[in-house]
Amino acid sequence: KTELDTPSDTILNFRKKHLGKGLSVSYKKALHIVRGDGVFLMDNEGQKYLDTVNNVAHVGHEHPKVVNAGQQQMAVLNTNTRYLHDSITAYSQALLKKLPPELCVLHFVNSGSEANELALRMARTITGQKEIMAIEVGYHGNTNAAIDVSSYKFDGKGGQGKPEHTHILPLPDPYRGRHAWETSGSKYASYAERHIEHLKIIDEKIAGFIGEPIISCGGQIVPPAGYFKEIYEYVRKEGGICIADEVQTGFGRVGSHFWAFEMHDVLPDIVTMGKPAGNGHPLAVVACTREVADAFANGMEYFNTFGGNPVSCAIGNAVLDIIDTEELQRNALEVGEFLKAELKKLQIEFPIIGDVRGAGLFLGFELVDNNKNPLPLHATYLANRMKQKHILMSTDGPEHNVLKIKPPLVFSHENASTLIVRLTQVFKEDYMNHY
Ligand code: PMP
């Protein structure tokens with residue numbers, strides 16, 4: 001019996017009965033995917049889809065070198081880090097080469113949530129403070145501490161509102177934010193200073209700041225110049241720790257740099273990594289400075305059953321190797337710039353596209369009416385029509401009107417052209433021209 005023999009309805013019904021109700025399914029008619037290959041996914045009916053969504057399958061779905069690395073190590077040994085094993089040193093050396101020399105200590109975990117959970121605990125342990133600053137509509141994971149700094153969740157459906165020790169900075173959105181069209185990040189960063197001043201009044205101090213260099217769930221928002229630099233200065237003046245969440249943006253995706261924080265010319269104290277690190281295998285990492293690592297090591301052992309196991313490290317190493325040998329960062333830059341330019345051309349032809357933004361292969365465009373009102377239904381329509389045209393796209397942003405493009409980095413010029421051709425077809429449809 002294979003996956004192909006199980007009808008999609010049977011799977012759906014089973015999920016409804018026996019899996020948590022909080023799980024969602026993409027698309028009105030759920031996709032039943034059985035195979036991945038490079039930038040493509042295939043469903044149980046043999047239909048092939050171009051994947052512009054999956055920034056986890058970073059070097060391409062089921063890359064043979066990644067599969068092979070996992071299989072080889074799995075056949076020999078998989079244990080925890082209490083035994084010595086060369087795979088963790090080999091992977092660490094390769095990863096450290098990609099980081100600024102100051103970020104020289106690694107902790108291995110299994111998901112982005114766990115990475116941020118640990119980063120937040122580090123900031124709180126080191127400073128002895130509880131207060132954390134984060135960005136509006138940010139998402140940092142599904143653990144308690146991560147949800148508490150994710151306004152995307154606590155201000156969304158089922159959320160309990162902002163927790164006491166969280167301080168939220170307004171979304172620094174140059175298109176629709178409260179200081180729209182500002183080219184400098186100073187006004188947005190000044191809220192950080194205000195929060196810190198307010199904390200002084202109530203005799204509290206900041207433990208740290210967590211932010212994504214491009215705010216993904218916020219709708220692919222690239223904060224204006226100087227934003228992070230100024231926030232980091234405010235936070236550090238008070239002894240706080242600066243955390244960059246690179247779970248979505250890391251590993252060459254933004255094209256110009258290996259890490260997206262480098263676009264902003266800042267040096268975080270802690271960097272968290274996840275999704276693409278293992279190309280789909282649960283591998284995540286917390287990198288930090290020597291000072292942070294030493295101050296965190298207060299005697300309590302940090303043990304993680306699966307974190308840093310030989311199989312995960314072998315896979316992580318293969319991913320880094322592929323990024324280099326296949327020059328995927330350069331590809332992200334070149335194809336990303338080409339795609340962004342093509343989207344900007346579409347924007348001229350179809351004014352429903354209000355804004356095109358992002359870096360490398362981490363792009364987004366926003367759908368709006370003539371008065372810049374968000375058009376979430378049009379975004380949903382577009383994503384569903386594109387699926388019918390065999391291209392997978394996702395929607396996000398606080399108004400649900402942003403289409404996000406973050407494909408595997410093996411996305412080619414040809415793939416980008418196909419995307420543009422099919423987008424043009426849908427933009428010409430009646431529905432997209434009535435708003
Ligand atoms: N940080 C960011 C920016 C994310 O986008 C996500 C997942 N969407 C996480 C953290 C959590 O990662 P995971 O789902 O692997 O726990």
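I135 stands opposite L169, a residue of strand β6. This is a predicted model, in which local features need pLDDT of at least 70 and side-chain atom pairs count only at pLDDT 80 or more, while totals for chains, interfaces and linings use all residues. Residues are numbered from 1 along each chain as its sequence is written.

Strands β5 and β6 run parallel and are joined by 4 bridges; two strands pair if DSSP finds at least two bridges between them. Strand β6 has a covered face with H167 and L169, and an uncovered one with T166 and I168.

Here are the elements to look for; helices (H or I, at least four residues) and strands (E, at least two) are DSSP runs, numbered from the N terminus.

| Element | Residues |
|---|---|
| Strand β5 | 131-135 |
| Strand β6 | 166-169 |
| Helix α4 | 112-127 |
| Helix α10 | 310-325 |

Now take a look at helix α10. Its 16 residues reach 22 Å from the first C-alpha to the last, close to the 22 Å expected at 1.5 Å a residue (the expected span is 1.5 Å times one less than the number of residues). The buried residues include P310, C313 and I323, and they pack against α2, α3 and α11, with contact counted when C-beta atoms, placed from the backbone, lie within 7 Å. Just after α10, E327 takes a positive phi of about 50°.

Terms used
A residue is buried if 20 or more other C-beta atoms lie within 10 Å of its own, exposed if 12 or fewer, and partly exposed in between; C-beta atoms are placed from the backbone. Two residues are in contact if their C-beta atoms, placed from the backbone, lie within 7 Å.
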